[in-house]
Amino acid sequence: MEPRVLTSKKPLTLKGFFLQWEWMLVLLFIAVIVMNVNLSDYFWDYNNLRDATMSFLDKAFIVLPMVFIIILADIDISVGSIVALSSVIMADLYAHGVPMELALIVCLAVGTLCGYINGLLIVKFKELSSVIVTLSTMIIYRGIAYILLKDQSVGKFPKWFNYLGWGYVGSIPFILIAFAVFAVLFGILLHKTTFGRKVYAIGSNPTASRYSGVQVDRIKIIVFTLAGLMSAVTALFLTSRMGSTRPNIATGYELDVIAMVVLGGISTAGGKGRMIGAILAVFLIGYLRYGLGLINISAQTLLIVIGLLLIFAVSVPKLKWKGTGAKGKAV
Amino acid sequence: MFADAALAVGTGQGAATKTTISAKFAKFRELGLLAVIVLICIGVQIRNPSFLTWENINDIAANTAILSILSVGMMLVIITRGIDLSIGATLALSGMIAAMTVKAHPGLHPLAALLLGFAVGLACGMVIGFLVAKVGILPIIATLGMMNVFRGLTYEASGGKWVSAHQMPDSFKQIATGSMLGINNLIVIAVVIYAVAYYFVSHTRTGRQVYAVGSNPESAEISGIKTKRILWLVYTIMGGLTGLAGVLWVSKFASAQGDTASGYELSVIAACVLGGVSIAGGSGKISGIILGAVLLGILNNALPMINVSPFWQNWIQGMIILAAVVFNALVKRGIDRNNLMRRKI
């Protein structure tokens with residue numbers, strides 16, 4: 001095992017540059033587009049592509065903080081439930097006469113609180129892995145959503161709320177612009193700030209980081225809280241797109257999100273990976289789904305495809321992939 | 001609260017007593033669980049007198065049987081520091097394949113159906129074991145991915161259709177409803193599995209190696225234990241038991257659907273952590289998980305009987321898991337502090 005250099009500024013040869021995982025993703029992306037264009041005549045249409053992008057971007061907001069979590073060598077499988085809970089509380093408040101603007105803020109607050117609780121539990125009980133903590137909060141959060149709404153659905157939001165999921169700025173979807181803004185913010189946070197460097201440091205070696213004065217607990221709490229907040233943002237867009245909400249929305253989102261992050265070359269061993277990879281993976285999986293949907297592949301087959309893709313994405317770096325983007329460490 | 005008590009003992013009069021309360025408790029965990037079970041039973045019985053009838057107890061035992069069979073496998077997985085989220089899907093797949101086979105060949109012996117489901121589960125478990133042990137994928141990622149694959153395969157195999165009660169021969173349904181010496185088959189099968197599992201983990205070399213791999217993988221590897229083989233074995237056992245449970249499930253409920261047992265893995269994990277299986281690996285007892293499974297089984301049966309809305313059950317289950325793992329962590333802290341105190345003298 002070679003020593004891990006934190007500031008990975010190896011001399012970048014031309015070959016090394018093109019052997020990065022991100023280029024592999026770009027190639028895969030092109031392959032998916034070419035395949036889709038050949039499979040269906042309807043794929044290469046601006047309006048279709050634009051609408052498809054709008055339909056898969058909602059969960060992409062969670063991908064951004066999930067990159068941080070996986071770089072920390074943690075995991076959060078409660079995000080889907082946080083989406084459901086914050087969406088249900090927002091809708092329930094609105095149905096009981098609270099103004100939508102206020103309900104919207106409460107939605108964000110609920111998500112943030114849920115994420116904060118996750119972080120707090122993980123930091124206070126270090127014996128417990130983030131797997132088991134978020135597994136139990138996953139059941140609890142969705143459980144609260146079920147207690148509140150039972151098996152009903154709530155809808156009929158004000159008109160302006162639909163704009164979030166369906167609106168355009170010029171001819172560009174609003175959700176795409178929002179995602180781009182958040183992606184840039186999170187990218188800067190990860191790659192250009194000391195906070196981001198500390199996240200990488202913790203992921204590579206938590207003990208060494210603690211001894212070098214990195215406030216590991218604080219950073220973990222912040223990252224999990226961010227995940228909660230972005231899950232609430234996803235809840236806003238998803239609820240707006242669907243026009244109503246139920247306690248069982250966003251089931252399985254955690255899997256999609258983790259698949260995107262891992263496919264983006266972020267190593268589950270922690271400390272490795274880049275934001276751009278995850279963003280590429282969002283569009284890769286999104287267009288793959290869209291294309292397969294166009295040729296009438298069932299949702300069940302898509303399950304298999306996404307599952308295999310996840311396994312493939314984590315296996316490939318472990319089979320001695322010689323890139324710099326994602327080098328797997330046997331766990 | 002418990003931590004405070006342990007701390008008070010640990011710092012104040014620790015030298016005198018030499019054991020913390022939580023360390024003492026660890027020895028009586030099973031008794032404690034039993035006490036909780038008895039208390040719940042008494043409480044529910046007061047609210048609803050039809051709870052402790054012979055029929056209902058039999059019902060609870062039969063319902064708990066499948067849960068506890070799965071818990072045995074899950075315990076082995078968690079002991080090796082892993083987790084298996086795919087078992088709900090594996091259960092559905094093996095149950096569906098067995099059900100479709102008996103639908104096509106009604107004359108098939110029920111044992112053959114059981115074996116078929118077992119084989120399907122075993123194959124699923126081997127795939128996961130390979131991914132975890134040989135490829136080195138984190139258990140949660142590998143099982144999350146394969147969960148989707150198996151669930152998708154279940155839908156593919158059935159074409160989205162159900163196999164319902166009237167399409168299954170009676171001999172198949174009798175696997176779960178029939179009885180042996182007056183005891184329901186499910187309970188008999190579960191007891192046999194406990195016995196075999198108890199012998200395996202306590203009295204065989206491989207069984208002890210499972211614990212060694214879980215408590216310290218590096219030293220296990222250095223002392224010559226083939227850790228990868230043990231990991232592979234553990235997930236394969238889990239798969240095999242799940243396949244068996246799949247057939248039992250389909251036979252009991254007399255219907256095989258695409259979404260059978262979806263989310264059931266959470267109940268199984270809950271039974272394990274309630275029974276004191278440490279999520280950090282290396283510890284767990286058969287007696288503990290049986291009690292954990294029974295406690296969950298009683299709760300599932302009792303909550304509707306005392307008119308708790310089914311919509312509360314998710315939340316209650318989640319809180320139980322969280323409380324159990326936090327409690328386990330606090331007990332572990334007490335034990336560690338206790339060991340430290342002994343070392344000082």
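This is a predicted model: local features need pLDDT of at least 70, side-chain atom pairs count only at pLDDT 80 or more; totals for chains, interfaces and linings use all residues.
Residues are numbered from 1 along each chain as its sequence is written, while chains are lettered from A and ligands numbered from 1 in the order in which they are written.

So what does H15(A) sit against? Its buried residues pack against helix H13 (253–263) of chain A, together with helix H7 (110–135) and H8 of chain B. Among those buried residues are Leu303(A), Ile306(A), Leu310(A), Val314(A) and Lys318(A). Buried means that 20 or more other C-beta atoms lie within 10 Å of a residue's own, exposed means 12 or fewer, and partly exposed is in between, with C-beta atoms placed from the backbone.

Now follow H15(A), residues 299–318, across to helix H8 (residues 139–158) of chain B: the two pack at an angle of about 155°, with their axes 7 Å apart. That angle makes H15(A) roughly antiparallel to H8(B). Angles under 35 degrees count as roughly parallel, over 145 as roughly antiparallel, 65 to 115 as roughly perpendicular and the rest as oblique. The axes are lines fitted to C-alpha atoms, for helices over the stretch in contact, and the angles run from 0 to 180 degrees between N-to-C directions. On the H15(A) side you'll find Leu303(A), Gly307(A) and Ile311(A) among the residues that meet H8(B), whose own share includes Gly145(B), Val149(B) and Tyr155(B). This contact divides into 13 nonpolar, 6 polar and 2 charged residues. Ala, Val, Leu, Ile, Met, Phe, Trp, Tyr, Cys and Pro count as nonpolar, Asp, Glu, Lys and Arg as charged, and the others, Gly among them, as polar.

Step back to the whole meeting of the chains: 35 residues of chain A are in contact with 36 residues of chain B, contact being C-beta atoms, placed from the backbone, within 7 Å. H15(A) gives the most to chain A's side, with 12 residues. That side divides into 23 nonpolar, 8 polar and 4 charged residues.

Elsewhere in chain A, helix H14 (residues 275–294) is mostly covered, with 16 of its 20 residues buried. Just after H14(A), Asn296(A) takes a positive phi of about 65°.

Chain B has a pairing of its own. Helix H5 (residues 54–79) and helix H13 (residues 227–253) of chain B pack at an angle of about 170°, with their axes 8 Å apart. That makes H5(B) roughly antiparallel to H13(B). Residues in the contact include Ile66(B), Gly73(B) and Val77(B) of H5(B), and Tyr235(B), Leu241(B) and Trp249(B) of H13(B). The tally is 16 nonpolar, 2 polar and no charged.

Last stop: Ala123(B), which lies in helix H7 of chain B. Ala123(B) is partly exposed because 16 other C-beta atoms lie within 10 Å. Its C-alpha atom is separated by 9.9 Å from that of Ser94(B), 29 residues apart along the chain.

Methods:
Helices (H or I, at least four residues) and strands (E, at least two) are DSSP runs, numbered from the N terminus. Two residues are in contact if their C-beta atoms, placed from the backbone, lie within 7 Å.
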